[in-house]
Structure formats: C-alpha cells, structure tokens
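Here is a friendly walk through one protein model. Keep the sequence and the structure open beside you as you read.

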Amino acid sequence: MLAKLNDLELWGADIGNAYLEAFTDEKLYIIAGPEFEELEGHILVFHKALYGLKSSGLRWSEKLHDIMKDLGFLPSKADPYIWYRENKDGTKYEYVAIYVDDLLIAMENPKEMIDQLKEKFKLKINGDGPLEYHLGCDYYLDPDGTLVASPRKYVSKILEAYKNMFGEDPKSSKLPLDKNDHPELDNSELVGPDQIQKYMTMIGQLQWAVTLGRFDILSQVVSMSRFRLAPRAGHVARVKKIFGYLSKTKHYAIRFRTDEPDYSNLPDQDYDWCRSVYGDVHEEIPEDAPKPLGKPVVHSVYLDANLFHDMVTGRALTAVLHFLNITPIDWFSKRQATVETAFYGSEFVAAKTATEQAMDLRGTIRYLGVPIVKQTYMFGDNKSVVTSGTLPHSILNKRHNALAYHRVREAIAAKIILFYWIESKANKADILSKHWDHASVSDII
C-alpha cells in the first residue's frame, strides 16, 4: 500500500544459507563421531552459526541488523523487522520488511540495494526481482496497473493437501457456511483421533489463508476453530464446506488502490468537550517517531457486533475492518469476553475494540513515517451507540457499559476518532461478523 502510494518499486529476494553468514558468539563444540572417519574422537569447535543451533537465529538477526545499519536503514519502533530510510532527495521513506531470510523491498531503486548485498556483503541472493510471491501470497498487476495480492497458489496447495487427506476434491460451494448457521448447536457424533488431526490441519491452513488476505472466511474460521480439540462430524463437514468455497473462489484478491475516500458529505462533529469529564484531552503523539514524509493516508475503520453469535454461551462477536485510503489492510473477528443482552452493549464493546485498534494503528503509521489525514473515521450501524459516543451531553444509563462508553468518548474528545452512523447494508464489517450470504456482502467482495 505505502509502496504504491509513494511510487516505490516492490522487489522480493531470499538470502541463501542465511544462518551460515553469521558466526557463533559462544564456545560450542562436539566430539566427532564415526561419520567423521579419520577425525573421529577429535573436538570440533563451531565457527559459524549452523542450522540447528539454538542461538543461530539470533546470530543471523544480529548480522543482518549490522548490514541494514551500514546501508543507512533504521528499525521501526512499530516493528523492528521493518527497516526504513529517507530516499536520496528526502521526500519519502524507503522500506525493507524482513522475515528471517526473506526480504520485501519497497525502494526507488531496489536493484541497487540487492547489488550491495551481493558485492559488498557477499551474501548469496536468490529470486531477486519484481515482487511476484512472498510468504505464500502472490502479487501481480491488474490490466489497469493496480497491484493485487492473492494467495491463489497457497489456496491451490491446501486444496491439493485436502485431496490427499480425503481422496477427493472438496465439493464446490457458493458460501463458506450457510447463512445464520450455528455450529455450536451441532449434536452429531464426536470424531476419532485421525479425523481430529485432519481437522486441526485444515483449521491451521485456513487461518493462514485468512492472514494472507482471505478475510471473507474469517468469521467462519473463528466459529470452527473453537472445536479443534473435540470436533464432531458436523464440524468436519462444515470445514470441508469452507474448502469447497475456496475451490470456487481461488481468484479472490485484494487490490491496493491508493485513492482517498470521499467523506465530504459527512456532517461536522466539532463539539466542545472541555466541560466534560475528559477535560482538554489530546491525542498523544510519539515524540520519537520519524518526521512524516511522502503522501498522507486516510484511516477508516468499520465495526460490527453479532449479538448471540454463540447460542450456547450467549457471547456476541466483534468484527473490525481497517482501511488505509480505500484498501483493506487489517481485519479482526473474535467472540466478546462478556455476555451482552442487548445490541447496545455488544456494539459498544465492538466500538471500544475498534477504537483501541485504531489508536494502535495510528501509532504504527506514525512510526513508519507516514503522515495521517485528520482523525480516524469510524463507522458503525447502531445509531444509539454512535449518538451516545459523539454527543458530549449524552448520559450513560447502563453502568456495566462504562468502560467501553468512556474509552470511545475520550478518543472522540481527543480528536482521535470521528464516529459516524451508517446503514447496516453499507457496513463493510458485516462480512466479518456473521455467516453471510452473497446478497448482503456483494458490494464488499
């Protein structure tokens, strides 16, 4: 997203035999066995950080840290494995994201850095070039030049694993789960150890698919994950149905569009909070964040709650979907810790979660050196919650909602959040909060 916004090239690369580029920091040795032939019985001292040593990962991390510092990069305080530096004319930042030995590079001239790694630091670089695949996700350009991320190869891989497990392809399905399905009410027989192992494997595969961008199955995977220790036959059938949905929608992807959303028609919310219990409160801006460079971003967040999502415990489900400009960049779905008996309470709990995530994400954005446009725009479809949250003179009628109520209102008073009501059919978080049908989410996916 930031790369496309600031016209940076995206490259990927892999460092071959990475651990062997580092040296041990401890005195480690073995006594050679018969496989060493004439060296049998000799004491062999480790010099390099061999694969399998407990400290090799740390040694390699330290080695790469020194290399990145030498290239002029600094680790972000938002994530120490995201490195940044100013470009040559000081108008934007360049980034390198590191996952062990995999590099994701967003720079004006990534080839220059790759050449330095090869020539100056003598690293063995494999697969360097324009980004096509990274950690299980495919990257490509649409015909109109829009960057697209899709885990289609990974989905194909887990579908092949499914066929190996069950001897057949999953049955194609239009939906991941039936609308308003409640798997917690399933009373079919418990499955045996072999099916439990397969169930756990499938849930793990689906969770990574969600991480790679398939948030359209998030609420369904959340529902089914809770049964992985003791699934029933009906639960296994439901997870198979999710695989059938993936087989039909392998092409689904996230398009990284950098246009800013148009919120010019939203009403003004410039209320005077100084006489409220929050006083003259302001957003805490980190003083150690890098100076903002490059094009600004607009942060939007949609929230929803599904009351009595779990019919056994009565717990609702919180759903939060974050956007930078008009691109989804983070998603969340989880059962609430408390049991709420009314939509008002469950929606306020969801609003509190969305507010805290928004505040955290704003800090992350700032520590990446990205300028933010105004407040975060937060949208919910419960008018009572939005009214209670945004009007300084509103009164709390239910004391057990106090923590969520004041958390949201303080963020609004501090001008961190702008909270607006939208109709349920326009709420993009709906896809994360319930087992949906295509009619209800057709404008989202």
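Tyr29 is exposed, because its relative accessible area is 53% (exposed means over 50%, buried under 20%, and partly exposed in between, with a 1.4 Å probe and protein chains only). This residue lies in strand S2; helices (H or I, at least four residues) and strands (E, at least two) are DSSP runs, numbered from the N terminus.

Together with Ile31, Ile43 and Val45, Tyr29 forms a nonpolar surface patch with about 470 Å² of accessible area. At least two residues of the nonpolar patch come from each of strand S2 (29-31) and strand S3 (43-45). Patches take residues with over 30% relative accessible area and no salt bridge, joining like charges within 9 Å and nonpolar side chains (Val, Leu, Ile, Met, Phe, Trp, Tyr) within 5 Å. A salt bridge here is a side-chain nitrogen of Lys or Arg within 4 Å of a carboxyl oxygen of Asp or Glu.

## How the model is read

This is a predicted model, where local features need pLDDT of at least 70 and side-chain atom pairs pLDDT 80 or more, while totals for chains, interfaces and linings use all residues. Residues are numbered from 1 along each chain as its sequence is written, and side-chain values use heavy atoms, without hydrogens or water.

## Strand S1 and its partners

Strand S1 (residues 9-15) is largely enclosed by the rest of the structure, because five of its seven residues are buried. S1 pairs with strand S7 (residues 102-107) in the antiparallel sense over six bridges, and Ala13 has Leu103 as its bridge partner in S7. Strands count as paired if DSSP finds at least two bridges between them.

Which strand pairs with S1 over four bridges? That is strand S8 (residues 125-130), again antiparallel, where Gly129 is the bridge partner of Gly12.

## Ser173 in its loop

Ser173 sits in the loop between helix H4 (152-166) and helix H5 (193-211), and it is buried because its relative accessibility is 6%. A polar atom of its side chain lies 2.6 Å from the backbone oxygen of Leu175.

Beyond residues up to four places away in sequence, Ser173 touches Lys241, Gly244, Tyr245 and Lys248, contact meaning heavy atoms within 4.5 Å.

Lys124 belongs to the loop between helix H3 (110-119) and S8 and is partly exposed, at 45% relative accessibility. Leaving aside neighbours within four places in sequence, Lys124 contacts Asp14, Ile15, Gly16, Asn17 and Glu21.

Terms used: Accessible areas come from the Shrake-Rupley method with a 1.4 Å probe; for residues, only the protein chains shown count as cover. A polar contact is a pair of N or O atoms within 3.5 Å; within protein, one must be able to donate a hydrogen and the other to accept it, and residues adjacent in sequence count only if both atoms are side-chain atoms.
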